[in-house]
Amino acid sequence: MLTEPKMTWQGAAKIVDMKKALTWGPWFVAEYRLRNMSKWLGAIIAFGLGNPVLYLLSVGIGIGALVDQNQGANGVDGVSYLTFLAPALLATSAIQAAMDETSFPTLQGFVWDKSFFSMNATQLTGGSIVGGIMIASAARCIFNTGIYAMVLWAFGAITAQSILVLIFAAIFAGLAFASVMLAATSFVKHDDGFFALVGRFIIAPMFMFSGTFYPLENLPIYLQWIGWISPVWHATDMGRNLSYGHDVAPGMMVIHFAFLLAILIVGQVVAMRQFSRRLAK
Amino acid sequence: MGNAFKEESTELAKKTAPADLMIVAKGLTKKYDDFTAVDGIDFQVKRGESFGLLGPNGAGKSTTMKMIGATSLRTGGELTILGKDPNKQGPEIRAHLGVVPQTDNHDNDLKAWENLYIYGRYFGLGRKFLKKKVEELLDFAQLQDKRDVKVDQLSGGMKRRLTIARGLVNEPEILMLDEPTTGLDPQARHILWDRLFRLKEEGVTLVITTHYMDEAEQLCDRLIVMDKGKIMAEGAPADLIKKYSSKEVLEVRFGSSKNAEAAEKLKHLGDRIETLPDRILFYAEDGEKVLKQIHKLGFEPATSLVRRSSLEDVFLRLTGRTLVE
Amino acid sequence: MSLINASIDSAIAIAERRSGKFGAEFYAGRTNAILERAFLAFKTSSWMIVLSGFVEPVFYLLSFGFGLGALIGGVTDGAGNSVSYAAYIAPALLATSAMNGAIYDSTWNVFFKMHFGKLYQTMLATSLGTLDVALGEIGWALLRGLAYAMGFMVIMAPLGLIPSWWGILAIPGAVLVAFGFASIGMGITSYLKNFQQMNWVNFFMLPMFLFSGTFYPLSIYPDWLRMIIEALPLWQAIQLERDLTLGTVGWSTLAHVAYFAVMIVGGLYFTTKRLSALFLR
């Protein structure tokens with residue numbers, strides 16, 4: 001049964017601070033996303049950390065034993081296989097976190113529970129929503145890669161000094177990918193297996209053919225291009241240099257950085273435009 | 001309210017030959033752990049009859065329907081459908097039934113016609129037969145132009161018609177309809193009623209649950225009113241109205257704050273009076289006459305309305321006005 | 001129109017034909033109707049997505065088998081012969097293909113049909129029995145597993161990764177593997193109630209894939225861990241396929257076959273039992 005309202009009615013003009021509402025929009029959206037995320041915290045930790053640790057054990061330790069047995073203790077790029085692998089695993093975990101935060105939740109907001117439309121019915125704009133998603137993605141990337149970096153350090157895969165720069169490279173790649181993925185997802189009308197196809201034909205090859213498990217040069221030249229357009233490779237190559245001094249020309253470091261920054265910006269521009277359009281439809 | 005209203009249900013049974021009894025329930029009971037959904041009810045449904053189950057949410061209607069549909073095992077009493085025991089001969093009984101569940105549960109991966117076709121295949125019906133049958137049912141449900149549309153793109157009314165058509169694919173002897181028109185617009189409801197009438201004319205036995213009293217009055221030859229797992233009343237709609245309500249109802253409003261006070265002074269008028277927060281109801285043989293008496297006593301209602309008594313009045317009297325969640 | 005039509009072979013006559021026979025209360029002998037339904041749904045669904053499911057193991061074969069193979073060289077098989085790394089992991093990935101196809105359909109798809117589509121409820125409101133539904137759904141999942149395995153074979157065979165003539169039996173072996181996983185997959189899924197529980201299926205699948213001797217021999221594990229892994233179905237499947245493609249067939253091969261026979265029967269039994277408990281109670 002309904003009860004009489006107890007609060008005195010003041011009106012929106014008095015209780016909503018318009019200036020604050022507009023400038024802090026993305027953070028309100030981010031708060032909503034993070035609250036949602038906190039309900040799945042157990043699952044996020046289990047999957048965000050579980051998966052990379054499993055690969056670390058299986059590939060890094062298990063296959064690593066076969067590699068080091070054949071190549072000698074410092075046989076891959078002048079270091080052990082595990083040291084070689086670690087920066088790639090870190091970048092991959094950041095990208096996985098970004099994918100999880102930008103794929104299904106975005107479709108949910110537009111299609112399943114239409115929460116983006118109810119946000120848009122307040123003063124929040126498409127731009128605030130995009131901003132909020134990026135903030136939430138960044139938070140999740142930092143969380144996941146932070147813990148994972150500790151694990152890698154505990155296994156002796158990376159050195160303590162390189163932890164911060166490696167996390168930076170990984171999160172940069174994660175955000176660049178989040179940006180592109182968000183732009184792509186904003187065009188998706190219904191699931192229809194879109195994400196399954198992205199997973200199979202973009203994420204999986206990106207994971208396996210980006211110089212993740214062996215130097216990119218080991219691949220035939222007609223497969224190397226996958227690495228060149230993959231954020232995983234750019235972040236990994238950069239990370240290997242920062243981690244154990246893998247030989248990268250200074251100009252190449254600039255290219256890695258510029259490539260990731262470029263797709264980050266393009267993704268944001270496209271996503272913001274498409275969000276505004278779709279919400280106004 | 002207790003069992004005082006419960007009518008003798010054996011009357012019909014005596015008149016009807018056993019062969020014509022489609023469904024017989026005696027002391028039918030369903031218990032879930034510590035909750036009794038259906039509490040020892042007796043009823044019979046004869047061939048060609050249109051039988052209604054009425055009651056508020058949680059009265060046990062859907063559970064009763066499921067037990068008749070041989071998809072829920074009874075925990076006590078007796079139940080026979082066409083002389084068979086649903087607890088033992090499930091598939092055989094289900095072959096005789098058409099089921100229209102409360103919520104449309106189509107196969108969303110399939111097109112409209114495929115839904116009808118494959119449902120027929122579940123019964124083991126031949127492809128050749130089904131090819132003709134599907135066309136016939138698409139006509140029946142007025143869905144010919146939507147035949148190749150995937151089900152999730154159909155409107156609510158179309159889905160409902162498709163569910164009913166699907167329930168007919170095996171040419172059932174008993175068609176079970178659980179709230180067939182809930183959520184439909186008035187046009188769609190009337191189309192459905194027309195379709196159900198035609199089925200009745202074909203000799204199909206209908207078992208219907210509904211929340212809409214006008215629907216029950218339209219469709220049911222005979223009905224039971226259930227509440228909390230028990231039968232509160234049984235009979236034809238007109239008889240129930242005669243028995244549990246008056247011919248007419250007068251509804252007057254004095255304004256929310258004044259109703260109770262006015263009711264106190266007017267309670268001797270009519271056969272029975274009911275005071276609600278927003279209005280007062282007088283049950284009487286002649287509503288206009290009561291209204292005149294009210295005026296004569298010096299009361300001026302803000303609004304007044306005289307209407308015929310309906311099954312809804314019976315329903316509310318038998319099952320109370322409290323919300324059932 | 002004529003709705004009551006006595007001249008045809010009616011649903012009643014069909015149902016009564018089995019009346020009194022053994023198992024009439026749970027089997028109507030119409031598994032084919034369920035398979036037909038699955039085929040109709042497959043036709044109109046995005047079958048691209050279904051068929052593309054076999055690419056992941058192929059990527060692993062190409063990336064790991066050849067890229068990593070260059071770093072690893074050869075691996076010693078069960079009989080003590082050295083085989084190329086690609087030929088070593090290929091049968092493991094073949095078994096994984098069969099498993100994936102079977103598991104996709106028998107876990108998540110079954111879960112959705114069971115709890116959201118209400119499909120089994122609809123089926124069981126007709127004169128079908130629970131074993132019809134179980135066999136039909138498991139049969140369809142089996143076919144998907146078989147399709148993935150055949151797709152993988154088409155790529156594996158021309159690469160010269162099947163050195164033994166026993167390899168002809170690798171496809172029947174894949175059928176057995178797919179049947180086993182489909183059966184146990186649906187059996188377990190039918191007991192799971194929500195998404196969190198379903199996620200545990202994924203959570204179990206990845207480590208099983210990574211650690212079941214897929215990419216390296218179990219000899220690097222301590223004995224207790226090795227024994228646990230040898231009890232897991234994927235290890236059994238991998239050994240079965242490896243015995244066949246590498247030609248190291250022996251009594252243990254038959255033991256793997258028996259393992260899957262038990263899995264099939266157990267899965268069918270529990271699925272059928274659970275369907276009655278859920279929808280006919």
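## A pair of residues in chain B

B:Lys26 stands opposite B:Glu78, a residue in strand 4 of chain B. The model that shows this is predicted. Strand 4 is joined to strand 1 (residues 21-32) of chain B by 5 bridges. These two strands run antiparallel.

## The four-stranded sheet of chain B

Chain B also has an open sheet of 4 strands, in the order 11-12-10-13. Its pairing is antiparallel. Strand 11 (272-275) and strand 13 (303-308) of chain B stand at the edges. Each of these has a single partner strand, so one side of each lacks a neighbour in the sheet. From one strand to the next, the twist averages 15°.

Now look at one pair inside this sheet. Strand 10 (residues 248-253) and strand 12 (residues 280-284) of chain B pair in the antiparallel sense, over 5 bridges. What is the bridge partner of B:Glu251 in strand 12 of chain B? The partner is B:Leu281. Helix 10 (residues 259-266) of chain B packs on the sheet and touches strand 11 and strand 12. The direction of helix 10 makes about 165° with that of strand 11 of chain B.

## Two crossing helices in chain C

In chain C, look at helix 5 (residues 85-115) and helix 11 (residues 233-246). Their axes come within 8 Å and cross at roughly 130°. The two helices of chain C are therefore oblique to each other. Their crossing is right-handed.

Which residues make the contact? Helix 5 of chain C brings C:Ala90, C:Pro91, C:Ala92, C:Leu94, C:Ala95 and C:Met99. Helix 11 of chain C brings C:Leu234, C:Ala237, C:Ile238, C:Glu241, C:Arg242, C:Thr245 and C:Leu246. By class, the residues of this contact divide into 10 nonpolar, 1 polar and 2 charged.

## Where chain A meets chain C

Here 28 residues of chain A are in contact with 23 residues of chain C. Helix 4 (41-71) and helix 10 (194-208) of chain A each supply at least two residues of the side of chain A that touches chain C. Which helix of chain A gives the most to that side? Helix 4 of chain A does, with 14 residues. The side of chain A that touches chain C has 18 nonpolar, 8 polar and 2 charged residues.

## Where chain B meets chain C

Chain C also touches chain B: 38 residues of chain B are in contact with 39 residues of chain C. Three helices of chain B each supply at least two residues of the side that touches chain C: helix 3 (90-94), helix 4 (112-122) and helix 5 (127-140). Helix 4 of chain B gives the most to this side, with 5 residues. The side of chain B that touches chain C has 15 nonpolar, 11 polar and 12 charged residues.

Conventions:
Residues are numbered from 1 along each chain as its sequence is written. Chains are lettered from A and ligands numbered from 1 in the order in which they are written. This is a predicted model: local features need pLDDT of at least 70, side-chain atom pairs count only at pLDDT 80 or more; totals for chains, interfaces and linings use all residues. Two strands pair if DSSP finds at least two bridges between them. Axes are lines fitted to C-alpha atoms, for helices over the stretch in contact, and angles run from 0 to 180 degrees between N-to-C directions. Two residues are in contact if their C-beta atoms, placed from the backbone, lie within 7 Å. Ala, Val, Leu, Ile, Met, Phe, Trp, Tyr, Cys and Pro count as nonpolar, Asp, Glu, Lys and Arg as charged, and the others, Gly among them, as polar. Angles under 35 degrees count as roughly parallel, over 145 as roughly antiparallel, 65 to 115 as roughly perpendicular and the rest as oblique. A crossing is left-handed if the near helix is turned anticlockwise from the far one by less than a right angle, and right-handed if clockwise.
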